[in-house]
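Open the model in your viewer and keep the selection tool at hand.

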Amino acid sequence: ISDFLAGDGGQMIVEAARFFATRGVETERGFEIHKVIGPDELHEGVDNSAFTNMMAAWTLRRAAQLVQAGLQQAVDGESRRWEELADRLLVLRGLDGLIEQHEGFFRLPVAGRGPDDRSELAWQRDRMQWRDVKQADVVMLTALPEPQFPPAERAALLRTYEPLTRHLSSLSEAVHSLVARRLESLRFRCSRPFVRRWIRARCPV
């Protein structure tokens, strides 16, 4: 791993950090990244995607660590600026403290659950107007080794975003199932329904 980080792997992280350092914008609220599409592909051109911003912060910090460890090169002051930007990257939260998927997501109305409300044609036309999620997005953040989330926050995020997620990707329910399974030791027992649905959808008898 050290050889990889001292070579092409580390260089890729450093160049990604340079990209994020120029991709964001400085505002009174912090360092923001606008007009992106996160894992939830139903919402395009959004500002401050939590997944994007937190992954950008991770990249900036890891690049700075590689430079400070002497595994990669950077110009004077560059790694220090990466750390500053990482600390200032904006992650939005609702009034209850829960991470908001992107700017304005919690203000969107929840889509109806009737056949007319959920028709494919209407969904394709109006998908950005609803608080729908195509596939694991914020929940996927809690499945990664970094950043770390307290168990109570992981459970709250899963409870919030699972009812909104349409699972239109074969990987989505697997991610939700993984997060739920890790919480089972904390009496959050819900991974089996995800697994059963995934198997029925992908492996019909």
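Select Leu141 first. Leaving aside residues up to four places away in sequence, Leu141 touches Ala50, Phe51, Met54, Met55, Pro147 and Phe149; a contact here means heavy atoms within 4.5 Å. This is a predicted model, in which local features need pLDDT of at least 70 and side-chain atom pairs count only at pLDDT 80 or more, while totals for chains, interfaces and linings use all residues. Residues are numbered from 1 along each chain as its sequence is written, and side-chain values use heavy atoms, without hydrogens and water.

Together with Leu141, they have the most contacts inside the largest nonpolar core, a group of 24 residues. Such a core is a set of buried Ala, Val, Leu, Ile, Met, Phe, Trp, Tyr and Cys residues joined through side-chain atoms within 4.5 Å; buried means under 20% relative accessible area, exposed over 50%, and partly exposed in between, with a 1.4 Å probe and protein chains only.

Now select Phe20, Phe31, Leu60 and Ala86. They are among the 21 residues of a second, separate core.

Is Phe105 buried or exposed? Phe105 counts as buried because its relative accessibility is 0%, whereas Phe106, at 23%, counts as partly exposed.
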